[in-house]
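Me: Please show me the chain, and then take me through how to read it.

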Amino acid sequence: MNKILSFLKQSNRYKHLIGGFIVGLPALTPYAALYAAAIAASSLELKDKLRDGRWDWTDWTLTVTGGAIAALIFLVI
């Protein structure tokens, strides 16, 4: 558990997970939640690439994972 928490605290990765979840919630359908999270993740990483020249796939994946969690909530409810 400590490894997971330290991984999420590294480089503010937990903010990507939470952000993807928040972006996915207003989508109201699972597919739209995933799509919105992928667009948000790509936009964030494009901003990083234009500023410092690196695209972080880990941050992108965590943002989309947050959207996937929101999509799972729509599938369960």
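Me: What radius of gyration would a compact globule with 77 residues have, and what does the protein chain have?

Reply: The radius is taken over C-alpha atoms, and the globule rule is 2.2 Å times the number of residues to the power 0.38. For 77 residues that rule gives a value near 11 Å; the protein chain has 13 Å, which agrees. This is a predicted model: local features need pLDDT of at least 70, side-chain atom pairs count only at pLDDT 80 or more, and totals for chains, interfaces and linings use all residues. Residues are numbered from 1 along each chain as its sequence is written, and side-chain values use heavy atoms, with hydrogens and water left out.

Me: How many helices and strands does the protein chain have?

Reply: Helices (H or I, at least four residues) and strands (E, at least two) are DSSP runs, numbered from the N terminus. The protein chain has four helices and zero strands.

Me: Where does Asp56 lie, and is Asp56 buried or exposed?

Reply: Buried means under 20% relative accessible area, exposed over 50%, and partly exposed in between (1.4 Å probe, protein chains only). Asp56 lies in the loop between helix H3 (30-52) and helix H4 (57-76). Its relative accessible area is 11%, so Asp56 is buried. Of the 77 residues of the protein chain, 26% count as buried.

Me: Which residues is Asp56 in contact with, leaving aside neighbours within four places in sequence?

Reply: Contact means heavy atoms within 4.5 Å. With those neighbours left aside, Asp56 is in contact with Arg13 and Glu45. Separately, a polar atom of the Asp56 side chain lies 3.2 Å from the backbone nitrogen of Thr58.

Conventions
A polar contact is a pair of N or O atoms within 3.5 Å; within protein, one must be able to donate a hydrogen and the other to accept it, and residues adjacent in sequence count only if both atoms are side-chain atoms.
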